[in-house]
Amino acid sequence: MTAAIKIRDLHKSFGSQVVLDGISLEIPTGKITTIVGPSGVGKSVLLKLIAGILTPEIGDILIFGENMAKMQSEKEKNSIRQRLGILFQGAALFDSISVYDNIAFPLKARGMKDRFEIHDRVTSVADSLSLTRYLFNLPQELSLGIRKRVGLARALISEPDIVLFDEPNTGLDPVVGQEVYDLIKFSKDRWGFTGVVISHELPEVFQVSDTVVMLLSGKIRASGSPEEFMRSEDAAVIQFMEGRKDGPIQIQ
Amino acid sequence: MIAVTVRSIERLGYNIIEAIASWGRSWIFLFKTLRAVLSLPISIGLVFRQVLEIGFNSLLVISLIGAFTGAVLAVQGEYTLSKFGADAWTGPMIALSLIRELAPVLTALMVIGRSGSAITAEIGIMKITEQIDALRSMAIDPIKYLMAPRLIAGVICMPLLMAVFTLVGIGGGYFVGTVLLNLNPGAFIQQIRAAVDMVDINSGLIKSTVFGFIFSWVSCYKGYTCGFGAVGVNKATTQSVVIASVSVLVVDYFLTSILTKLFY
């Protein structure tokens with residue numbers, strides 16, 4: 001199976017704090033890879049590196065063969081970003097515009113001018129994600145769960161090849177959290193993208209994962225299918241899965 | 001004792017280096033914003049929205065401050081000038097004070113307090129809630145989308161607001177001077193027409209344009225580089241208002257000196 005994203009020997013630091021210390025990883029096309037690990041381990045940093053929002057000190061990030069890490073100009077990065085969609089942790093919706101305009105934003109940003117086509121696509125994706133009744137609300141009028149759905153609609157509207165999910169159900173109750181997982185599964189079947197999910201919610205996130213990768217101390221500690229993860233005898237994996245305080249994972 | 005002294009010197013050195021670095025970053029930010037302004041097209045809709053926010057929505061407060069500034073100038077001017085039997089010059093004194101100095105500076109300070117803090121807070125919150133990252137992830141340059149329209153709007157709005165301030169201020173002075181202090185209405189207007197030259201108006205407009213530029217630059221930069229969380233936004237907003245206000249007053253002195261040499 002071909003890899004949509006290939007990460008090689010990736011290093012990223014902030015000042016003297018090393019966040020990623022030589023990560024190498026392949027994310028297969030058409031599958032969902034979940035990156036798990038304790039808070040502050042650099043999961044969201046990895047996502048922002050893939051999206052070209054941050055730049056690594058060393059290493060390569062090949063997205064469909066093009067090296068995002070080596071691109072100097074925003075123009076070059078933008079050509080790859082147009083193939084990406086991101087659901088941010090807090091949805092990152094634009095406060096001053098309606099849900100409709102938020103969802104339509106990526107289309108307009110890409111220069112689409114045909115209002116009828118924009119309308120058709122927005123209503124189609126809104127309908128698929130049960131957002132039709134909220135289209136003319138402002139983001140601050142909605143609950144976090146609905147805002148995340150709007151964020152997902154915005155990430156999917158341009159039918160990207162890769163969708164990055166940054167902690168998709170952080171801050172949600174279990175019922176709404178399950179709904180977000182159902183939406184990820186539904187949209188994966190409907191649009192067929194390659195997914196990268198950042199999460200620390202185990203084992204719930206396994207239901208949307210084809211592969212699970214665990215980060216710890218800036219390195220990959222374990223990887224495999226959800227089943228392999230469940231059977232892992234690695235002390236850190238077991239500690240993380242069981243949510244115990246004692247073990248190799250130290251609270252920072 | 002030695003350790004404390006060394007730490008203090010280290011901290012001082014760090015703060016000086018950080019201040020110089022921040023100064024440099026603010027210039028890089030300005031050049032990027034100017035490049036974004038010059039690399040057309042700029043969305044007219046985005047500029048218009050900022051003109052509404054910075055300009056139109058400031059009209060009421062600017063008019064109110066202008067009217068009372070003019071009124072105070074009339075009372076003080078009439079009191080002082082009447083000591084020399086020159087109270088007929090109250091009108092020109094009000095008009096020249098407003099056009100050349102008070103209107104540009106007070107308008108700038110009011111706009112910085114009202115809109116500058118709002119711009120910094122808005123952009124700062126967009127930064128900490130990842131909205132700026134979201135823009136970038138959608139292949140949109142946040143400097144072109146967020147900063148360039150605000151810079152253009154600031155430069156457009158400040159001279160217009162200054163003109164409103166001046167006109168309303170003269171109106172306030174006229175009302176107090178003629179109705180309450182019994183100055184001659186015809187002489188009041190006539191003396192203003194005789195005393196105010198086009199160079200005075202140009203001088204005020206040039207100052208306002210420069211102040212508009214400074215206000216937009218500082219407000220956007222501080223928002224764009226704000227720290228994490230509510231504390232970061234709070235600090236950035238305070239710094240934005242203080243730096244922009246002090247810069248306006250310092251630049252005002254130099255501009256006044258230069259323009260006086262050039263025009264008079």
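Predicted model: local features only at pLDDT ≥ 70, side-chain atom pairs only at ≥ 80, totals over all residues.
Biologist: Is H1(B) roughly parallel or roughly perpendicular to H6(B)?
Modeller: The axes cross at roughly 85 degrees. Angles of 65 to 115 degrees count as roughly perpendicular, so H1(B) and H6(B) are roughly perpendicular.

Biologist: Which class of residue has nine members in the contact of H1(B) with H6(B)?
Modeller: From H1(B) come residues including Phe29(B), Leu34(B) and Val37(B), and they meet residues of H6(B), among them Met147(B), Leu151(B) and Ile152(B). The contact also has one polar and two charged residues. The class with nine is nonpolar.

Biologist: Good, now the cavities. Which element gives the largest share of the lining of the largest cavity?
Modeller: The largest cavity holds about 90 Å³ of space. At least two lining residues each come from strand S6 (84-87) and helix H5 (144-156) of chain A and from helix H5 (131-137) of chain B. The largest share, three residues, comes from S6(A).

Biologist: And which element gives the largest share of the lining of the second largest cavity?
Modeller: That cavity has about 30 Å³ of space, and its lining includes Gly145(A), Lys148(A), Val180(A) and Leu183(A). H5 and helix H6 (174-191) of chain A each supply at least two lining residues. With four residues, the largest share comes from H5(A).

Notes
Residues numbered from 1 in each chain as written. Chains lettered and ligands numbered in written order. Heavy atoms only, no water. Axes fitted to C-alpha atoms, helices over the stretch in contact; angles between N-to-C directions. Parallel < 35°, antiparallel > 145°, perpendicular 65-115°, else oblique. Contact = heavy atoms within 4.5 Å. Nonpolar A, V, L, I, M, F, W, Y, C, P; charged D, E, K, R; others polar. 1 Å grid on protein atoms, 1.4 Å probe; cavity = no way out; pocket = protein on both sides within 12 Å on 5 of 7 lines; lining within 4 Å. Points joined across faces, edges and corners; volume = space filled by probe spheres on them.
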